[in-house]
Amino acid sequence: MVSVKDIERVSELACVELSEDEVARMASDVDGILGMIDQMSDADAAKADFFEGKEMGMRSDVLAEDSDSASCSAVKSCELTEGGTFVVPKFI
């Protein structure tokens, strides 16, 4: 369990000033979050079949020449472009 002293110490290290009410609420919130993490670690991930039978392919990123989107107009209006992308100076 996360104590009020734990939250006070962390807020001191982070240079964050918290009122007594905020410290108490934060201790409760952090304790709840850690409790959820404990519950998640008890779950058997092998039984999770979220992606079973689903194809996970890469999307093809293609710039549509006829698009009026902001990114397309930005590339089109830039002086130095090559293959639909911005050309930037090489640096090491």
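Q: Which residues does L18 touch, not counting residues up to four places away in sequence?
A: This is a predicted model, where local features need pLDDT of at least 70, side-chain atom pairs count only at pLDDT 80 or more, and totals for chains, interfaces and linings use all residues. Residues are numbered from 1 along each chain as its sequence is written, and side-chain values use heavy atoms, leaving out hydrogens and water. L18 is found in the loop between α1 and α2. With contact meaning heavy atoms within 4.5 Å, and residues up to four places away in sequence not counted, the partners of L18 are I7, S11 and V23.

Q: Is L18 buried, partly exposed or exposed?
A: Buried means under 20% relative accessible area, exposed means over 50%, and partly exposed lies in between (1.4 Å probe, protein chains only). L18 has 29% relative accessibility, so this residue counts as partly exposed.

Q: How far apart in space are L18 and E8, C-alpha to C-alpha?
A: L18 sits in the loop between α1 and α2, while E8 lies in helix α1. The two are 10 residues apart in sequence, and their C-alpha atoms are separated by 8.0 Å.

Q: What separation do the C-alpha atoms of S19 and E8 have?
A: S19 also belongs to the loop between α1 and α2, and its relative accessible area of 37% makes S19 partly exposed. Along the chain, S19 and E8 are 11 residues apart, and their C-alpha atoms are separated by 9.8 Å.

Q: Which residue meets E8 in a salt bridge?
A: A salt bridge is a side-chain nitrogen of Lys or Arg within 4 Å of a carboxyl oxygen of Asp or Glu. At 3.9 Å, N to O, the side chain of E8 meets that of K5.

Q: What N to O distance goes with the salt bridge of E12 and R9?
A: Helix α1 holds both E12 and R9, 3 residues apart, about one turn of the helix. E12 is exposed at 55% relative accessibility, and R9 is partly exposed at 45%. Their side chains meet, N to O, at 3.4 Å.

Q: What pattern does the chain follow, read along the sequence?
A: Helices (H or I, at least four residues) and strands (E, at least two) are DSSP runs, numbered from the N terminus. The chain has 3 helices and 2 strands. Read along the sequence, they give α-α-α-β-β.

Q: Which element of the chain has the lowest mean pLDDT?
A: pLDDT is the predictor's confidence in each residue, from 0 to 100. The chain averages 80, and 77% of the residues score at least 70. The highest mean among the elements is 94, for α1, and the lowest is 62, for helix α3 (residues 70-77).
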